[in-house]
Amino acid sequence: MISKRALMRLGFDPSSFALQNDRNGQGTYIAQWNNASPQPSEAEIETAHNEWQAEFDAHEYARLRATAYAPIGDQLDMQYWDEVNGTTTWADHVAEIKARLPK
């Protein structure tokens, strides 16, 4: 699979190439190459894409956690009232999310 992320992972700036997909079943291809370095092979690009995808997938828990946590203002309020009341509301909130969405 030829992708912008794969080419960027190989160290190429997006301004040095143009990708195109004609929607004819042939997939995405490099329509324009504006780099002094030789154009990488499709196999090199596919390897880079697979590496990027594996890294992205491995961090899914972090993306899910980020949306599950209460807004920062609410978390600060939890911490304040925990200090005032001797409670553990904020720690319980964080622990529940970490347990529900493990690494």
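1. E51 is partly exposed at 41% relative accessibility, where buried means under 20% relative accessible area, exposed over 50% and partly exposed in between, with a 1.4 Å probe and protein chains only. The model is predicted, so that local features need pLDDT of at least 70 and side-chain atom pairs count only at pLDDT 80 or more, whereas totals for chains, interfaces and linings use all residues. Residues are numbered from 1 along each chain as its sequence is written, and side-chain values use heavy atoms, with hydrogens and water left out.

2. A search of the whole structure finds three salt bridges, each defined as a side-chain nitrogen of Lys or Arg within 4 Å of a carboxyl oxygen of Asp or Glu. In one of them R9 pairs with E51, the closest N and O atoms being 3.3 Å apart; R9 lies in helix α1 (residues 4-9) and E51 in helix α2 (residues 42-58), so the pair ties together parts that are 42 residues apart in sequence. Helices here are DSSP runs of H or I with at least four residues, strands are runs of E with at least two, and both are numbered from the N terminus.

3. R9 also forms a salt bridge with E55, with the closest N and O atoms 3.5 Å apart, and this pair links helix α1 to helix α2 across 46 residues. E55 is partly exposed, with a relative accessible area of 43%.

4. R100 forms a salt bridge with E96, the closest N and O atoms being 2.7 Å apart, and both residues lie in helix α5 (residues 89-100), four residues apart, about one turn of the helix.
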